[in-house]
Amino acid sequence: APTQEMYFQPPPPPPPPRHASLATLEARAISAWFGQRKVLDRVSLTMQPGRVTALIGPSGCGKSTFLRILNRMHELVPSAQLAGEVLLDGVDIYDTGRRLTEARRQIGMVFQKPNPFPTMSIYDNVVAGLKLTGTNVRKSEKDALVEECLIKAGLWREVSDRLKSPGGALSGGQQQRLCIARSLAVRPRVLLMDEPCSALDPTSTRVIEQTIAELAHEVTIVIVTHNMQQAHRVSQQCAFFLAEHGTPGAIVESGDTEQMFGAPRDQRTSDYVNGRF
Ligand code: ADP
Ligand code: MG
């Protein structure tokens with residue numbers, strides 16, 4: 001029979017995170033303009049370590065703009081202006097003393113349309129990730145790095161015997177995984193994905209979703225998706241963006257994915273996640 005002591009044992013401590021280096025990315029009161037036009041209004045969101053955050057909402061509500069602001073990519077648009085802060089583990093990535101390339105190295109991006117360098121070999125495509133941010137790796141370490149990144153991107157088994165063939169010869173889904181491998185080459189702490197499966201067939205989409213689930217153990221992931229089933233499957237937290245009646249985009253509701261889909265607090269969230277928009 002259980003003794004009295006057994007009932008009073010303290011609960012076991014929670015398991016440690018699988019990787020101590022998992023990052024928190026926090027956006028604070030982000031507003032954005034293109035010229036005179038305001039497209040985001042005081043968007044605040046904390047993207048927690050080890051969780052996948054899905055950004056959902058209709059076209060034109062500022063999801064891509066927000067995602068780009070998270071790694072300073074919007075600065076490529078000369079008319080873009082910004083207010084607010086983006087903190088990576090508490091450090092403002094917009095601090096003037098910080099180099100732009102450092103922010104982009106720590107916070108990688110994958111786009112809707114797979115964009116590997118088509119004539120470059122699979123191997124060189126992965127290595128190119130280093131060059132884009134000016135990161136150096138010894139020649140002797142490159143082979144291991146390429147293998148590691150291709151494994152993490154879920155592509156290694158399919159391409160290990162043809163690393164010299166051109167990236168452009170792969171299928172669409174494989175090309176997207178090659179782009180993920182390329183973005184992993186600099187060992188980013190956050191990976192931003194803007195509709196990474198929108199150009200892919202359902203089978204390739206599921207393979208990428210599997211890859212995202214694996215990667216989430218070591219990289220904080222933020223994904224924009226129009227596919228509600230996908231948002232439900234891959235994310236643990238969710239933010240619903242809306243730009244109503246010409247107002248700038250803002251977050252209507254954010255929270256745990258299960259709550260957002262199962263018991264949304266706002267009628268507009270309920271309508272959107274149930275396809276009534
Ligand atoms: P989403 O990704 O949710 O579809 P976007 O962030 O792409 O939304 O766009 C938000 C708003 O900003 C839209 O009205 C769009 O027309 C505008 N916009 C996006 N990029 C630019 C740009 N480079 N110049 C001017 N306006 C832009
Ligand atoms: Mg977009």
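Let's start where two helices touch: Ile122, Asn125, Val126, Ala128 and Gly129 in H4 meet Leu178, Ala181, Arg182 and Ser183 in H7. Sort the residues of this contact by type and you get 5 nonpolar, 3 polar and 1 charged. Keep in mind as you look around that this is a predicted model.

Now step back to the helices themselves. H4 covers residues 122-132 and H7 covers residues 172-184, and the two pack with their axes 6 Å apart, at an angle of about 40°. That angle makes H4 oblique to H7, because angles count as roughly parallel only under 35 degrees. As for the handedness, H4 passes H7 in a right-handed crossing.

The crossing of H7 and H8 is right-handed.

Which residues bring H7 and H8 together? From H7 come Gly172, Gly173, Gln176, Arg177 and Ile180, and they meet Ser204, Val207, Ile208 and Thr211 in H8. By type, this contact of H7 with H8 holds 3 nonpolar residues, 5 polar ones and 1 charged.

Key:
Residues are numbered from 1 along each chain as its sequence is written. Chains are lettered from A and ligands numbered from 1 in the order in which they are written. This is a predicted model: local features need pLDDT of at least 70, side-chain atom pairs count only at pLDDT 80 or more; totals for chains, interfaces and linings use all residues. Axes are lines fitted to C-alpha atoms, for helices over the stretch in contact, and angles run from 0 to 180 degrees between N-to-C directions. Helices (H or I, at least four residues) and strands (E, at least two) are DSSP runs, numbered from the N terminus. Angles under 35 degrees count as roughly parallel, over 145 as roughly antiparallel, 65 to 115 as roughly perpendicular and the rest as oblique. A crossing is left-handed if the near helix is turned anticlockwise from the far one by less than a right angle, and right-handed if clockwise. Two residues are in contact if their C-beta atoms, placed from the backbone, lie within 7 Å. Ala, Val, Leu, Ile, Met, Phe, Trp, Tyr, Cys and Pro count as nonpolar, Asp, Glu, Lys and Arg as charged, and the others, Gly among them, as polar.
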